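Colleague: I'd like to go through this one with you, and I'll keep asking where the labels come from.
Modeller: Fine by me, here it is.

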Amino acid sequence: MPFSVAIIGAGPSGFYTAEALRRSSLDFRIDLIEGLPTPFGLIRFGVAPDHQSTKRVARSYERTAQDEAVGYFGNVEVGRDIGLEELRGLYDAVVVAIGAPLDRELKIPGGDKAGVYGSATFVGWYNGHPDHRDLAPDLNTESVAIIGNGNVALDIARVLVKTPAEMATTDLPDYAGAVLHSAPVRDVHLIGRRGPLESKFTNVELREMARLEDCLPLVDPGQVPDGPAADADEREQRLQAKNLDTLRSFAGLDAAGKSKRVHFRFFNRPVEVLGGNQVEALRLEKTRVEDGHAVGTGETFDLPCGAVVAAIGTKAQPLEGLPFDQSKGVVTNRHGRVDRGLYVVGWARRGPTGVIGTNKPDAEEIAAHIEADLADAGGGFGAKASLARKTGRPALEDLLDQRGVNWISYDGWKVIEAAEVEAAEPGMPRKKLIRIAEMLAVLDGAGPAPRQRSD
Ligand code: NAP
């Protein structure tokens with residue numbers, strides 16, 4: 001009898017964990033349990049719609065999901081449909097792979113005004129996440145401030161200024177395109193509390209800002225240092241030098257025919273969101289960097305803007321029964337171990353850092369922990385261990401059926417995906433179904449695919 005492992009969350013870290021277990025010399029039966037009907041998490045809802053090539057990594061997850069050893073239970077929310085403790089009772093090991101989907105709060109006066117959006121919510125809105133479909137951001141403004149100097153801030157800036165033609169081959173939902181492309185936004189301000197050397201932009205993404213059809217990136221040359229930080233290591237210096245070159249190159253771009261601007265505003269710390277109920281301006285304090293930290297100079301100025309997006313990082317969602325480190329926004333763990341038979345992987349473990357592939361070694365480490373811990377628990381993989389094995393998948397199916405949970409298999413997802421591809425206009429990869437009810441409606445009458453029991 002195989003060992004049973006439940007993975008909560010079918011995003012990159014969940015799939016990489018399933019893949020690592022699948023490649024193990026041990027026999028595992030692995031079930032991915034996903035709150036939404038659709039798999040792939042961050043690939044579908046985080047990666048920008050105009051970065052379709054990045055989304056292609058999902059093809060490798062597809063291969064994982066096609067393996068008989070791997071099950072998929074979409075539309076099953078742990079904490080609502082089944083408790084974490086219940087799941088632990090059914091599986092030999094449970095891996096929490098829930099990512100970091102919640103906004104970090106902008107803790108400055110006025111940070112809760114209408115017109116201030118967190119990046120997870122805003123990105124989820126333009127990426128068709130069912131939870132954020134109804135955000136209806138008010139972009140009836142010429143000026144938007146984005147707080148943060150990471151790749152998410154760049155993604156949001158790009159999506160705000162790209163033309164309909166530039167987005168035509170993406171899966172930007174119609175409702176988001178209608179708001180974005182009718183908005184009078186002319187100036188997008190990228191606010192960094194530190195300088196170019198401390199920014200988190202990766203160079204490929206920064207260079208993209210120079211290739212926008214109707215938008216010019218602007219940076220004050222006086223804010224761009226001559227060279228990389230002397231105390232940085234060689235690799236870091238190389239990356240910094242590239243970004244400095246790119247920022248300098250912006251000055252040579254041709255402004256002709258460009259109606260929009262993205263302003264890189266380094267050394268500015270947001271101190272207050274101004275306005276009545278609605279954002280009217282962002283008060284910024286000029287800073288200098290000392291020992292790597294932003295230090296306020298006391299000099300402030302007000303940047304008029306009608307919307308603010310805080311792209312300052314995200315945090316994991318606490319789950320009942322799971323120890324949680326509120327300050328870091330991650331599941332409390334020691335090298336990915338949470339408790340006996342309970343593990344955490346990916347952004348819920350480390351916080352939102354690195355690229356998608358960074359989750360792979362992380363997942364391999366967790367798979368190795370699981371193998372080692374099961375061996376220990378069983379005194380080796382002999383008869384004793386096999387006696388201890390839990391039922392896993394059939395028991396989960398029984399429990400969900402008893403509760404009337406409308407769970408969706410991977411074949412069910414493929415039916416949804418086919419409907420999305422079919423509905424797409426020429427050149428678009430897919431037209432996403434947004435509401436869960438719409439997805440379930442597609443499955444009605446689709447035969448046995450939506451739910452294929454293992455027995
Ligand atoms: P990030 O890279 O950690 O950047 C967060 C930014 O917010 C930093 O510039 C940070 O400044 C700033 N910040 C944090 N708290 C702040 C505050 N209270 N006030 C002002 N600024 C504040 O996070 P991210 O942009 O959300 O990206 C998350 C991860 O996804 C990253 O690893 C990123 O590379 C990855 N990603 C990759 C791509 C891609 O490859 N195309 C696209 C999107 C995201 P300090 O540095 O001063 O703290």
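**Talking through the labels**

Modeller: Let's start with Leu-160, which, neighbours within four places in sequence left aside, is in contact with Phe-122, Leu-139, Val-144, Ile-146, Leu-180, Val-188 and Lys-260; contact means heavy atoms within 4.5 Å. Mind that this is a predicted model, where local features need pLDDT of at least 70, side-chain atom pairs count only at pLDDT 80 or more, and totals for chains, interfaces and linings use all residues. Residues are numbered from 1 along each chain as its sequence is written, and side-chain values use heavy atoms, with hydrogens and water left out.

Colleague: What makes Ser-143 buried?

Modeller: Buried means under 20% relative accessible area, exposed over 50%, partly exposed in between (1.4 Å probe, protein chains only). Ser-143 has 11%, so it counts as buried.

Colleague: How do you know that Ser-143 and His-189 make a polar contact?

Modeller: Their side chains are joined at 3.4 Å. The rule asks for a pair of N or O atoms within 3.5 Å; within protein, one must be able to donate a hydrogen and the other to accept it, and residues adjacent in sequence count only if both atoms are side-chain atoms. Ser-143 also has Asp-187, Pro-304 and Gly-306 among its contacts.

Colleague: Why is helix α1 called largely enclosed?

Modeller: Because 10 of the 11 residues of α1 (residues 12-22) are buried, including Phe-15, Tyr-16 and Glu-19. Helices here are DSSP runs (H or I, at least four residues), numbered from the N terminus, while strands (E) need at least two.

Colleague: Which residues have the most contacts inside the largest nonpolar core?

Modeller: Tyr-126, Ile-146, Leu-160 and Phe-264, in a core of 44 residues. Helix α7 (residues 151-161) gives the most to this core, with 7 residues. A nonpolar core is a set of buried Ala, Val, Leu, Ile, Met, Phe, Trp, Tyr and Cys residues joined through side-chain atoms within 4.5 Å.

Colleague: What makes Lys-432 and Asp-171 a salt bridge?

Modeller: The closest N and O atoms are 3.9 Å apart, and the definition wants a side-chain nitrogen of Lys or Arg within 4 Å of a carboxyl oxygen of Asp or Glu, so the pair qualifies.

Colleague: How many salt bridges does the rule find across the interface of domain 1 and domain 2?

Modeller: It finds 6. Domain 1 is 3-101 + 316-445 and domain 2 is 102-314, with bounds from an automatic or database domain assignment.
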